Amino acid sequence: MTEPLLSLKNVTMKFGGVTALNDVSFDVKPQEILGLIGPNGAGKTTIFNVITGVYALTSGVISFEGQSLAGKKRYKITRSGIARTFQNIRLWGDMTSLENVMTATDTHKKSGLLSGLFGMPISRREEKRDKARAQELLDFIGIGEYSDRLAKNLPYGVQRRLEIARALGTEPKLLLLDEPAAGFNPAEKVELADTIRRIRDAGYTVLLIEHDMSLVMKVSDRVVVLDFGQKIADDLPKAIQEDPRVIEAYLGVPENAS
Amino acid sequence: MIGNFLDQFWSLTFGGLSLGFIYILIALGYTLVYGVLRMINFANSEIFMVGTFATVIVVRDVFKFTQSSEYATGLRLWFILATALVISMLVSGLLSLVVELVAYRRLRRRNSGILAPLISAIGVSMVLAESVRIMTDSRPVAAPRAMDKTFIGQFFDAGIRLDNTIIVIAALALFIALTTFINKTRMGKAIRAVSMNANAARLMGINIDGVISATFLIGGLMTGAAGFFYVLKYENTASSIGFELGIAAFTAAILGGIGNIKGAFFGGLALGLLETYASFFLGTQWKAVTVFIVLVLVLYTRPNGIFGESMTQSRV
Amino acid sequence: MINLRDKGAEIWEKSGRPARAAIVLASIAAVASLPFMGGTILNTPVASYESVLVNPVAMYVLMAIGLNIVIGKSGLLDLGYVAFFAIGAYTMGLLGTKTDLNTWEILPIGIAMSMFAGLILGVPALKLRGDYLAIITLGFGEIVRIVALNLGALGRSEGIQNIPTPPAIFGFEYAFDSHRIYFWTLLVFILLAIWMVRRLSARRAGRAWESIRQDEDVAELLGVPTFKYKIWAFVLGASVGGAAGVLYASKTLYIAPDNFTLQISILILACVVFGGMGNIWGVILGAVVLAYLPDRIRFLSEARLLVFGLVLVIMMNLRPDGLLPRKKREKAIVTKEKS
């Protein structure tokens, strides 16, 4: 029985009078692809936000590799191995694809401003190494030819994939993907599913928010379902698809109601 | 020192209160615009300054008062004061509208971020302040006293001056009128809706441009009134007072909670009193530093101000 | 102008190392020969051409490069930049008149003082966003001026007089009116500043600043230590301002609080905005134009600040990218692909 990579225990998130997350608990196992689904407003992106430190929990504990993330600065959380993409694409538009990813790979550099200024060998070495790594990631995701194009000029599909490449640049152990297939046509979705599997096979763990049911069910090892901030199911994809509570949450009415 | 202070406490306090109401009105200019646009209207300070000049022009050039004129009394006095007040309000209100149209509207449409409108606002401030400075030859302008600033009463040992009283009562009336407008009229409700959630307001069919223009207009009216009260109290003005009072009024708005009308009231009074007391102890040359210290303290201990919103929230 | 820029970028891209070195040296030589062109159309009617080259032109250029790090590259609106200039100048003034140290010895001290000021201002101020940072920095600038105005040790409104000029270097004498020497000295510092900025922009710092400017929240979530780099931007910007201040004081021999008003902060801001925020060449061009023209065209001289205010409003509304926009590298590359 392996230790979970990420563990949420009794996580509650309140904003003033609104309870966005209510006593949510689940684990993410190493090298699994966990799908996170639920109707709009169920709290899925909020889960990403509390994991990455955007919000401080009202109560509950989130542990990563056994250590609590409470009170940790956001960039430190990223450094410890969690990276994410964003529902509405948030690339640095005036920078090239390569620069976007290189900013992410800067996360683990030992050299900083001063060594860069004075041309210290360690800075030059790391810069060269990370530039190659960034290109490698772009190639891995399949957008290597766009490395010198400004992010704001890229086609939509390329931008979505750049978001993923950029997140991978931080050498995460856990990758949070927030609706990576939004706006994709079926062919692109198939490619994306393939990419996600390749990411997992390369050693990363993936937590995936998606609205496209077939994509989620095909790609995920397990699925967690949220509704109104609460976890209502946590199981294998097949079981989820037949779970009456899940069906009710999405459609409002159980299938065999009379 | 302390003994001296206690002796003068009430007269200092009355002076501080009337200054406080002047700050409230200018602070309203900042806070209302911040509420609908989430932006500091830098140019508000110069709109105040222009308002003061409008008052001087009315009293000195229209009604032809000079330093040696006789004081006006009775009905004539109220007529002169009312005219000066209304003209100042209108001038500032209209100027505020123009500023929005010229300096901010285009940037708002283009969604150009937070730096661009701020820089544009600074430019507008400069243009207004410099234009007036050139026209006045960089010299302060004296305003003739149109009325006898008698003491109309006593409170403990302090005399209550007529001008301070007029300021407090009139400004309070304006404030109440404003809050009534915001709470009871349709436009007022629209302004509140846009302050809370501009997108939702737009989807509900509210004309955002109209609301924003109205907000600038109303803010300008209040600020112009402050200009009138300032000249009434201090009998002079200069192209540089926009900056001096603007920072103080802005601090008042932050102290009370920017975007919050109640906050502007509280902050304005607090700052007026604070500044008056501080000037007594430290001398007037450290006034600006005192105000900045207050600003810094507020921003770091209670950035929401007493009633308002936070300025350090990130948006994800 | 756009075509010139891309043409220039193309030529640069296509040149090898020796060609590039030649271009750089030729440019520096051209600029260094500016003081000799006083008799031409460049002559200024109001003040002596050569003195104008030093102040305001070279001074504004240097300060604009510094402020550009803060505003242009990192997107932090600093309205109190004059504070660092003042701190550098007063350091020179005080130490120059009260100790035996000469300008070159005081220079590192002045720079250090400014950097320290940048740090103590930055640590609290940079926790705030946008507008509020602007107000706090504006306040800081004003406080520095008011303190200088009211402290006996700093000379109150009379300021500091008889500040010594720098000692001779390589046989060049620094008399009060040897404008050319001062110009070349400033040119050296400008080149140093350019080198520093370009060096940093190509590496981690540059990327960090860009990402902070464009989307700070996301930068933080992608591992950028945003606070640290914002502080760096402030401190480096301050160092340039401080250096300018030291040199300014040792040229004018006499400084007073009136020399360090909010207007100066806004002037430098106008240079950055006008020239093209983020683009170092744009910023230099903007500073040259805005510093030089009011002295060249007499009637502009009187209404200098008014013009700068108009520049700010007009630029923001019509051409927010400035004269020379940020890197349009893509255009140059696309043309290369096509050919």
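**Reading confidence, a sheet and an interface**

Student: What does pLDDT do over residues 310–316 of chain B?
Tutor: Over that stretch of this predicted model, pLDDT stays under 50, although the model has 15 contacts for these residues beyond four places in sequence.

Student: What is the mean pLDDT of chain B, and which elements have the lowest and highest means?
Tutor: On the scale from 0 to 100, chain B has a mean of 87, with 97% of its residues reaching 70 or more.

Student: What makes β4 and β5 of chain A a pair?
Tutor: A pair needs at least two bridges, and 2 bridges join β4 (residues 59–64) of chain A to β5(A), so the two strands, which run antiparallel, qualify. Within this arrangement, A:S63 stands opposite A:S68 in β5(A).

Student: Why are β2 and β5 of chain A said to stand at the edges?
Tutor: The open sheet in chain A has 4 strands in the order β2-β1-β4-β5, with antiparallel pairing. Since β2 (18–28) and β5 (67–68) of chain A each have a single partner strand, one side of each is left without a neighbour in the sheet.

Student: Which residues make up the contact between chains B and C, and which helix of chain B gives the most?
Tutor: The contact takes 34 residues from chain B and 31 residues from chain C. On the side of chain B that touches chain C, α4(B) gives the most, with 13 residues, and the residues of that side divide into 24 nonpolar, 7 polar and 3 charged.

Definitions and conventions. Residues numbered from 1 in each chain as written. Chains lettered and ligands numbered in written order. Predicted model: local features only at pLDDT ≥ 70, side-chain atom pairs only at ≥ 80, totals over all residues. pLDDT = per-residue confidence, 0-100. Contact = placed C-beta atoms within 7 Å. Nonpolar A, V, L, I, M, F, W, Y, C, P; charged D, E, K, R; others polar.
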